[in-house]
Amino acid sequence: MEEPKTVPKAFLPLSLFIVVKTPKEDRMLYMYPPLENEKKPNQRNQVMHSPYTIVESGTTWHQHNYKTSIKDGKLFGFDDEILAFLFTVLPKMCDQRMHIKINDVRFIGYPVLLNSLNTECEDEELPDILLYNVIFAIQATAPKNVVDSYANFVEKISKGIKEDELKSKYLSNQMEIILQCQDVSKWQNQYVFEVTEEYIWQKSTLAFTLRNIFVDLTKHGCTSLRFNGWLDIGCQLLESTTVTTRGPMFSLHTTLAQGTILIKPYHAMILLEKPHVAMANMFPNAAGALSHFLRVASPLKNLQAIGEELQMDLALIFRFAEHLVYWGKAIMVYPIAQNNIYIVSRTADLANEHMQRRFAFQFRINLAVMLSRFSFPLSVRDYLRPEDGFKDDGNRTKVAILVWLLRHRLIVQLHTYVYLNVDWIPQEDLDENVLNDLSQETVSSLLNFIPRHAILFIIKNKECKIRIDTFAKIAPFLDGEHHLEDIMYYNGLTQTEKMEVEMSRIQAIEKFINERLKPDLREQQEKHQRILDDICEYQLLLDSISVVKSLRPLKKLKMKVNLGLGFFAQATVNDPNHIFIDVGCGTYVEFTLDEADVVINERLELLKMLSKKQLAVIGSIKAHISLLVYGLGRVMQMNDSSSQSGHVFY
């Protein structure tokens, strides 16, 4: 079996047991695993207290210290007699779900009343079992969906036992067998747990079934079995909600629950088990079509192609995929193609030593070395390039490694999503008569997403006008929720049409960079340069004032004045203790030297703050340009590779 999904500890069962009520007593019939009670030395004068009793201490009342009921992942601190008395409930509480929370343990059961079936036979002996109750003990912190899964499952078990009891006295016979086994083990003085339990499993199908249920849920988080050879029951703790759709889904019209897996016709499937193992774990009456589906399923084929190959309706293929995903037997991916780009998953368990050993044993490569190649986005085309270490069947081995990494959720695929953002349109006088050349359907479709003036600006370009119909079809998908593969499938675009659309996008991006971002960048840089010039002038003025102040007392001052173009003239300042400063809008104010010192320092602080803000604006524009240039490179790389085969076969 492949590596199962990790089941959180809060989801795992602590214990599974069944209690019965007979005319003589309430009895714990079977429990797995058995209780482990705390052993204390017997003291003659020792008084045992319940953790729920209230004790008087002076003038105050307090409760005993709270104790956990879980030890090493098992139920702890209870007694068989107490549990039997607690869960053999009143008749009016039977035939309905029961939830009881004690300390940090939640008990989930479904009691069933059998005595009412014999009320009319007053002369006959009382039945061996009046009622019974099957109970799961789980952690109280388990989420609601897990609690509901346990409740549904325990209800199926209880109703199945009831049907067998009515038909063949199944529970009564199993109770007799289990009691005989317990008597034999005690008579042989065998108190070792493993010996006693194995002896009961060999004799009692009920005990063996309950034990297998507990083990499967603990190890794999799910179980599927045939109860008493006829009733098919199962439970999945890690439920995966799936939604299938043949048409596109838009966020404005459809709201999906968090964690919902969307299955589409162009998706492929990776099995988490080998096909023959998956079929061996299914019931004998499983559909034969499912076995054919498992043999054909491949991460290189989408569901629609599989349906066409098997000549099955897509709805049936969807049902198979939903079933396998629900039971944790498969995951959905996009078909592996040379243009796919993968990167290490942020949730990858990179410290799992067991996974590392398995990978090294299967492929003779270190897992950390292989994952290092996916530290940055890596396309399948680059990944499959010949390299040392892969000589014979190199591509086949590499694709097998890629599937292994996807199966164990160590890497994820990156998709290209497109947003339609019309926030800048040149203010030009455009001829609206050109709209008459377009169909009414195209114009009305475009008007739902972009303004009329933008349409006129787009079709002004002859090449854009030729492809305006294709653009109108994909415009609803440009909401950032649909990647390129999704857009191509639902609009039936060929590679040629896709390239035409991509070329239009390239031209639009280049035009936006050249006509919008670069002019804005130049304008902001010039504005920043003017601020730097002002800072320089104020700094020189501040230095000049400092020199004049150092020459006090001073009545006159001779200095050179810049007349422009590098010409200086001598001048005499009659009052060097005052200075005129430009405060803006061509207004000059007279200040003393001390006042001017304060004003200039405040102005310098303001200009430095404006300089920082301007640098941030310049950096933002440069980041936008770099991001768009990177996107252009990605798009052009995809277009260069689209002329070759898109899928990888091995």
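1. Accessible areas here come from the Shrake-Rupley method with a 1.4 Å probe, and for residues only the protein chains shown count as cover. On that basis the protein chain exposes about 38,300 Å², and carbon and sulfur atoms supply 53% of this area.

2. The model is predicted: local features need pLDDT of at least 70, side-chain atom pairs count only at pLDDT 80 or more, and totals for chains, interfaces and linings use all residues. Residues are numbered from 1 along each chain as its sequence is written, and side-chain values use heavy atoms, with hydrogens and water left out.

3. The protein chain has 20 helices and 24 strands (DSSP runs numbered from the N terminus: helices are H or I, at least four residues; strands are E, at least two). Of its 650 residues, 41% count as buried (under 20% relative accessible area, 1.4 Å probe, protein chains only).

4. Strand 1 (residues 13–21) pairs with strand 2 in the antiparallel sense over 6 bridges; pairing requires that DSSP find at least two bridges between the strands. A hairpin of 4 residues joins strand 1 to strand 2. F17 has M31 of strand 2 as its bridge partner. Strand 2 (residues 26–32) is mostly covered, with 5 of its 7 residues buried.

5. An open sheet is formed by 3 strands in the order 17-16-18, with antiparallel pairing. Strand 17 (378–379) and strand 18 (411–414) each have a single partner strand and stand at the edges, so one side of each lacks a neighbour in the sheet. Strand 16 (residues 341–344) is joined to strand 18 by 4 bridges, and I343 stands opposite V412 in strand 18.

Definitions and conventions:
Buried < 20%, exposed > 50% of the residue type's maximum accessible area, 1.4 Å probe, protein only.
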